[in-house]
Amino acid sequence: MALPPDRIDYLPIIDRPVIKWPNDARVALWISPNVEHYEYQPINEGVRDPWPRTPYPDVQQYTYRDYGNRVGFWRMLEPLDKHGIRCCVSLNLAVLEHFPEIAEAMVERDYDFMSHGIYNTRYLYTCTEDEEREFYRDCIDTLQRHTGKQLKGMLGPAISGSVSTPDLMAESGLIYHTDWFHDDQPTPIKVNSGKLVSVPYSIELNDSSVLRDNHYTAEYFADICKAQFDQLYSEGAESGRVMCIALHPFLIGQPHRIKYLDDALGYIMSHDGVWQTTADEIAEYYIANYYDQAVAHAAQLGR
Amino acid sequence: MPAQRTFGMDHPHHEWSPIISRPALRWPNGAAVALCVVLVLEHMEWQAPDGSFQVANLSGGSAPRAFPDYARLSHREYGHRVGIFRLLDLLDKHGIPATIAMDAMTAENYPYLVQHCISRGCEIIGHGISVSRTISANMSEDEERGYIRSSIDSLIGATGSAPQGWFGPEYGESDRTPQLLAEAGIRYVCDWANDEQPYPMTTGDTPFFALPLLYELDDVASMAQRKVTVADYQRRLTESFDTLLEDGASNGRVMALNWHPWMVGQPFRVGAADAALGHMMRTGGVWAATGSEIVEHFQSQTA
């Protein structure tokens, strides 16, 4: 009997097809800055209050985040550029419309993009299926219009979703979903049509969890990024692993924190056997080379 | 019932017994500390049934989100797919047997994992139905009896043998739980975190024991809830051990750890667990054993 939501077949890490990344890399590393805009006066649809501290606007919290776009983003680019990182941005697509200099800086660097919704204050919880279909069309069209790129994946807006999200994503032509934290490798997600995979994003190596929610220091953030890398690098000698570092410019781009991003990236990028890539490329590579094997292997194990 | 301001405990489950007034407990081969590592394999449900009780602060996914909470569900599922194997390898490396607290939904839906645990010689103990349905005083006596029975029956069905021990999901109990566990044939329970030695519980004619866990060293309580750093967690483990080793020289102690594979089994945390266990096993004076072995030995000493 499959447990609801019956989206992911059980595949133990010790018994599944061996993954070989390009050039025998041990770790596929992707860096995902969340480039976001939170609305000044959002609508509270009753499931999650975007600004729970005060009646809207909450200027303290609004500007704390908007600092990321005015200042933090630009500071964050320095260590990313220094270490030659090509990011896969988790993007609130309206940023492309509001802040063209940010769009230009990302396009100029040939970043990839996954949708992170239109605004970080508009969630998917209350969408009807048709509204959610329209949402994907909007995300795809907006990205195409401003960057010329085809949208391939999504981290739900503020990590929200609906019961039908994976089906509707696949139906819209997306190939990966990063709201799943169950693995160190990509895995197939069962959908009604098409192929969808999870690419491991991180809820742990995430400056929002570590620095904002949990009040750790940036030095600690760098430490755990290095420790995560060491473990996955060691295991990746047998079968390739994915490592993601998730960033938010308003957090990691603070003046007291930025040097620790430089420190973590410097450590990781000094190793051979790192495929510094994007979730787009990981998903495409996995689907081309391992998706069918993984599905077949899971079916065999489940028997 | 409120306490009555009289001698001893304000409940009937065990006697008052300060550790300074007990006869000396001796572990096999003169060990000062009996080390027990309990690994929890528990399932968080997509939607818990009406009337079930799930603690409000159930960890995972950085913070609880509205339904459907893909983040928290999948973060916890990491333990079943990846983390458990890392921890079992770690325990093997240090020569420590595993005690696995397994809920019914895991036992019934992860046959591969069940067989794997059996093949590695783990002791499997009862852990309720799911972490979304803990025992609580909201249950009637009949409901609770049925819950315990079905948890045990699921383990018997999956493993072929009846569990000797029990650790309720989220330490959940009503004021009847020890009696009902004893009645169901369970010999020891890990929910009671109030000691450093096993102790008898007053459940009736059959001997029944508490095997206390050190709550402050619970990986989720420490690192997810109290935001202890990984390095501090490692230090708390080794310093606790050093103190117990010293105190255990005159009167043996138990160091029983509650570890969740989705938490301490994460790549950036497992190194701390490795270092701490290495410290304990290198130091000597430690008897690494399963819950049953520890309770068995305690019973033979105190009979």
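Author: Helices (H or I, at least four residues) and strands (E, at least two) are DSSP runs, numbered from the N terminus. In those terms, B:P68 is placed in the loop between β1 (33-41) and α1 (70-93) of chain B, and a cis peptide bond with an omega of about -5 degrees joins B:F67 to B:P68. This is a predicted model, in which local features need pLDDT of at least 70 and side-chain atom pairs count only at pLDDT 80 or more, while totals for chains, interfaces and linings use all residues. Residues are numbered from 1 along each chain as its sequence is written, and chains are lettered from A and ligands numbered from 1 in the order in which they are written.

Reader: Which residues does a cis peptide bond join in chain A?

Author: Most residues other than glycine have a negative phi, and most peptide bonds are trans. In chain A, a cis bond joins A:Y56 and A:P57, with omega about 0 degrees, and A:P57 lies in the loop between β1 (27-35) and α1 (59-82) of chain A.

Reader: At what angle do α7(A) and helix α8 of chain B pack?

Author: Two packed helices are described by the angle between their axes and the distance between the axes. Axes are lines fitted to C-alpha atoms, for helices over the stretch in contact, and angles run from 0 to 180 degrees between N-to-C directions. Here α7(A) and α8 (residues 267-283) of chain B pack at about 85 degrees, with their axes 7 Å apart, and they are therefore roughly perpendicular (65 to 115 degrees).

Reader: How do the axes of α7 and α8 of chain B cross?

Author: The axes of α7 (residues 230-248) of chain B and α8(B) come within 9 Å and cross at roughly 15 degrees, and these helices are therefore roughly parallel (under 35 degrees).

Terms used:
Parallel < 35°, antiparallel > 145°, perpendicular 65-115°, else oblique.
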